[in-house]
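Colleague: Please take me through the labels attached to this model, setting each value against the definition behind it.

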Amino acid sequence: MEIFDLGTLENGVPYQVMELLEGQTLAARLKDEGPLPIDDALDVAEQMLSALDVAHARGIVHRDLKPDNVFLVNRETGTLAKLLDFGISKTIGDETLSLTKTGMVVGTPYYLAPEQARGEPIDHRVDVWAMGVLLYEALTGRLPFRAENYNKLIVLILTTRPLAPRELRPAIPQEIEDVILAAMSHDREGRYAGARGMLRALRAARGRVSATSDAGLRSEPPMTIDEEDPEDDPTEISDMFARSTAAQRRRD
């Protein structure tokens, strides 16, 4: 989000002037419309990765990528995706980059990379993992890891592999699925080193697909998905996570 001006009012209150965004978050769109058309999801992912690449080049790790922090602005030229909320970002080299001061995990639980969930030192690859989860969700309408409570969710993230995206949506090209699964490698050495690597891989995959099936992606009928399982309540788990984090902060 662009900031146009900073200053202090006569009464000493600081202010900043930011751009006015009109549209909706990716989370809202997924809730209202379900999975995005494949090309739309890939367009959003490329824009997000481009923004992340700028941050990563400056040594910044976002640490909280999720659909709520992606704002979609409708423009005549297409949808513009804005990356929001760097409130818990950290800079590489910061001694607190381990995400904790006393082992406290920071981030939204559904998008936590395994090392992030364990409270270990992190680097740009936690954002790569989260981008894999975000693209998985945008294309399938489902979170790759779902559970009935926070603790079970973390166990799933640490010990299991999600259902392959093409099993939920066969129209997803194999090349795109390969990028998603590489981004979500449990071994961070198997992931892209940063946003730039994932962006290059995604663009190359789209190029290969476009040579053979671009028209098919654009003409794919709207996708419908089954309702979420009753026990899978993202709001409840996120609330539990927030309460746990707040309690840890009080103890600190």
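Modeller: Two strands pair if DSSP finds at least two bridges between them, where strands (E, at least two residues) and helices (H or I, at least four) are DSSP runs numbered from the N terminus. This is a predicted model, in which local features need pLDDT of at least 70 and side-chain atom pairs count only at pLDDT 80 or more, while totals for chains, interfaces and linings use all residues. Residues are numbered from 1 along each chain as its sequence is written, and side-chain values use heavy atoms, with hydrogens and water left out.

Colleague: Why are strands β1 and β2 said to be joined by bridges?

Modeller: Five bridges join β1 (residues 3-8) to β2 (residues 14-18), and a pair needs at least two, so the two strands count as paired. They run antiparallel, with Gly7 standing opposite Tyr15, and in their hairpin, which has five residues between the strands, Gly12 takes a positive phi near 90 degrees.

Colleague: What makes β5 and β6 a pair?

Modeller: Strand β5 (residues 70-75) and strand β6 (residues 78-83) share six bridges in the antiparallel sense, one of them between Leu72 and Ala81, and a hairpin of two residues joins the strands.

Colleague: How do you know on which side the buried residues of α5 lie?

Modeller: In α5 (residues 150-159), Tyr150, Leu153, Ile154 and Ile157 are buried. Seen down the axis, they fall within an arc of 95 degrees, so they line one face of the helix; the arc is that of the directions from the helix axis to the C-beta atoms. The face turned away from that side carries the exposed residues Asn151 and Thr159.

Colleague: What makes Asn149 a cap of α5?

Modeller: A side-chain oxygen of Asn149 lies 3.2 Å from the backbone nitrogen of Asn151, at the N-terminal end of the helix.

Colleague: Why is Leu42 called buried, and which residues does Leu42 contact?

Modeller: Leu42, in helix α2 (residues 38-57), has 1% relative accessibility and therefore counts as buried. Leaving aside neighbours within four places in sequence, Leu42 is in contact (heavy atoms within 4.5 Å) with Leu135, Ile176, Leu202 and Arg206. Of these, Ile176 is also among the buried residues of α7. Leu42 and Arg203 are 161 residues apart in sequence, yet 9.0 Å apart in space, C-alpha to C-alpha.

Colleague: Where is confidence lowest, and where is it highest?

Modeller: On pLDDT, the predictor's confidence in each residue from 0 to 100, strand β7 (residues 90-91) is lowest at a mean of 46, and helix α7 (residues 174-183) is highest at 97. Over residues 87-105 the pLDDT is below 50, although this stretch has 49 contacts in the model beyond near neighbours in sequence. Residues 240-252 also stay under 50, with 13 contacts beyond four places in sequence. The mean pLDDT of the protein is 80, and 74% of its residues reach 70 or more.

Definitions and conventions:
Buried < 20%, exposed > 50% of the residue type's maximum accessible area, 1.4 Å probe, protein only. Polar contact = N/O pair within 3.5 Å; in protein donor to acceptor, adjacent residues only side chain to side chain.
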